[in-house]
Amino acid sequence: MRRPTARGRTTRRRVVRGAALGLASVALLAGCTTAGTRDGTAAGASGGAAPASPAPEAPRPEAPRPEPSGRTPDGTLLVADFGADTVTFVDPDAGPVDSVEVGEAPYGLVVGEDGRAWVATAEGVAVVDTHRRERLDLVPYETAGLGPVTGGEYRGGGMGIALAPDGRHVYVGVNVPSGNGTLETIDTGTREVTATTAVGRRPFDVDVSRDGREVYATGHDSFDVTVVDTRTQDTRRIEVAPYGTEGGLGSWLKPHYAAVRPSDGRLVLPFEGERLVVLDPETGRSAVERMTADTHQHGVTATPDGTLLVVGTGPIDPSEDAGPSLTVRTKDGQERVIPLDGPHEDVAVSADGRTAYVTGGFTRDGYWNGISVVDLATGDTRRLPAGERPLGVAVLRSP
């Protein structure tokens with residue numbers, strides 16, 4: 001078993017001109033740290049929106065967590081504890097049942113048909129046996145310049161992560177605090193990094209084409225998607241900026257998460273509950289479709305039938321924007337917006353497609369330690385406790 005390395009454990013309708021001027025701290029330059037105006041100005045610094053307040057905590061279960069016993073049941077949720085160094089196993093009815101140490105500040109995760117989870121942490125990619133609920137390995141990054149192991153939105157290390165359709169490779173977007181990121185390719189058999197490829201700045205999300213021939217790394221701070229050929233590691237950069245790039249690093253109007261549309265392989269990226277960019281990775285051309293939630297958006301997933309679920313994190317400007325929500329968008333573009341209580345970040349869907357699980361971890365301020373469970377037929381919601389600042393989420397299921 002590979003040991004941890006010596007590093008240890010321990011952005012609407014309009015862009016305000018001059019948004020990037022006068023930004024005095026790195027925290028403001030990336031535009032998603034504290035609630036504020038559309039131009040990325042700090043909340044309260046010049047009459048902007050007040051900082052997001054923490055939402056009420058979900059009730060904690062009274063019973064102690066049981067010890068692992070046999071195979072983890074299908075339907076169990078696995079969340080990355082961005083505020084800790086663990087992943088938590090969550091019963092969708094009762095709450096947390098177990099946790100496993102994986103590495104500092106885990107961000108994204110993906111689970112293969114073999115039950116192994118791959119978790120992007122600040123220290124490396126952890127490999128977790130979800131059946132036995134134990135860490136098997138920690139694959140260190142080969143990317144240089146990651147800085148000290150730490151937590152928080154701007155920490156160095158893995159962010160978005162995806163698994164090849166055949167399960168043979170894992171692709172992780174690695175944030176380099178001082179500049180552009182990389183995409184590291186891991187052989188799932190040997191658990192070794194086999195390629196390191198330059199991509200955009202802060203790769204929030206990573207997705208794979210349906211045939212496995214391309215990987216798409218969404219660069220949050222570079223307003224782009226980098227298309228990586230998985231055979232040659234050749235790259236193409238496609239700008240994705242439906243509001244333009246004015247404001248630079250301080251803009252709020254950047255791409256965050258993406259999903260591959262099942263019907264045609266297009267990449268879809270939601271912006272501000274107003275615009276959905278539909279990108280053809282082959283030609284680099286994109287179209288913009290209308291969205292209706294009118295709120296800052298982050299996490300997105302597409303179900304096999306083409307339904308798109310998009311997480312609204314809350315307003316950039318409360319005087320103009322709507323609150324947190326989950327958008328349920330059918331393949332013909334019809335939307336239903338379900339209000340949520342408090343900020344959220346990412347979303348996964350049950351195997352039967354009836355329930356969505358929306359994490360409260362949030363990469364900005366105002367997070368909470370739980371999941372909103374959403375009945376997609378009725379729109380009813382309930383809160384479930386789940387780990388420490390839960391971010392990435394997956395539903396465990398048998399092949």
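Start with serine 325: its bridge partner in strand S23 is proline 339. Strands here are DSSP runs of E, at least two residues long, numbered from the N terminus. Two strands pair if DSSP finds at least two bridges between them. S22, residues 325–329, and S23, residues 335–339, run antiparallel and are joined by five bridges. Together S22 and S23 form a hairpin, with five residues between them. In that turn, glycine 333 has a positive phi of about 90°.

A word on the model. It is predicted, so local features need pLDDT of at least 70 and side-chain atom pairs count only at pLDDT 80 or more, while totals for chains, interfaces and linings use all residues. Residues are numbered from 1 along each chain as its sequence is written, and side-chain values use heavy atoms, with hydrogens and water left out.

Valine 79 has valine 393 as its bridge partner in S28.

A second open sheet of four strands runs S8-S9-S10-S11, again with antiparallel pairing. Its edges are strand S8 (157–163) and S11, each with a single partner strand, so one side of each is left without a neighbour in the sheet. S10 and S11 pair over six bridges, in the antiparallel sense. Aspartate 187 has glutamate 192 as its bridge partner in S11.

Next, salt bridges. The cut-off is a side-chain nitrogen of Lys or Arg within 4 Å of a carboxyl oxygen of Asp or Glu. How many does a search of the whole structure find? The search finds 16. Take aspartate 98 and arginine 133: their side chains meet at 3.0 Å, N to O. Aspartate 98 lies in strand S3 and arginine 133 in the loop between strand S6 (124–129) and strand S7 (134–140), so the pair ties together parts 35 residues apart in sequence. Aspartate 98 and arginine 133 are both buried. Buried means under 20% relative accessible area, exposed over 50%, and partly exposed in between, with a 1.4 Å probe and protein chains only.

Arginine 191 and aspartate 137 form another salt bridge, at 3.7 Å, N to O. This pair links distant parts of the chain, 54 residues apart: arginine 191 sits in the loop between strand S10 (182–187) and strand S11 (192–198), aspartate 137 in strand S7. Aspartate 137 counts as buried, at 6% relative accessibility.

Then arginine 266 and aspartate 280, with the closest N and O atoms 3.7 Å apart. Arginine 266 is partly exposed at 29% relative accessibility. Aspartate 280 is buried at 14%.

Last, the largest cavity. A cavity is a set of points on a 1 Å grid over the protein atoms alone where a 1.4 Å probe fits but cannot get out; lining residues have an atom within 4 Å of a point. Its lining is Phe82, Tyr107, Gly152, Glu153, Arg155, Met159, Arg202 and Thr363.

Note on methods:
1 Å grid on protein atoms, 1.4 Å probe; cavity = no way out; pocket = protein on both sides within 12 Å on 5 of 7 lines; lining within 4 Å.
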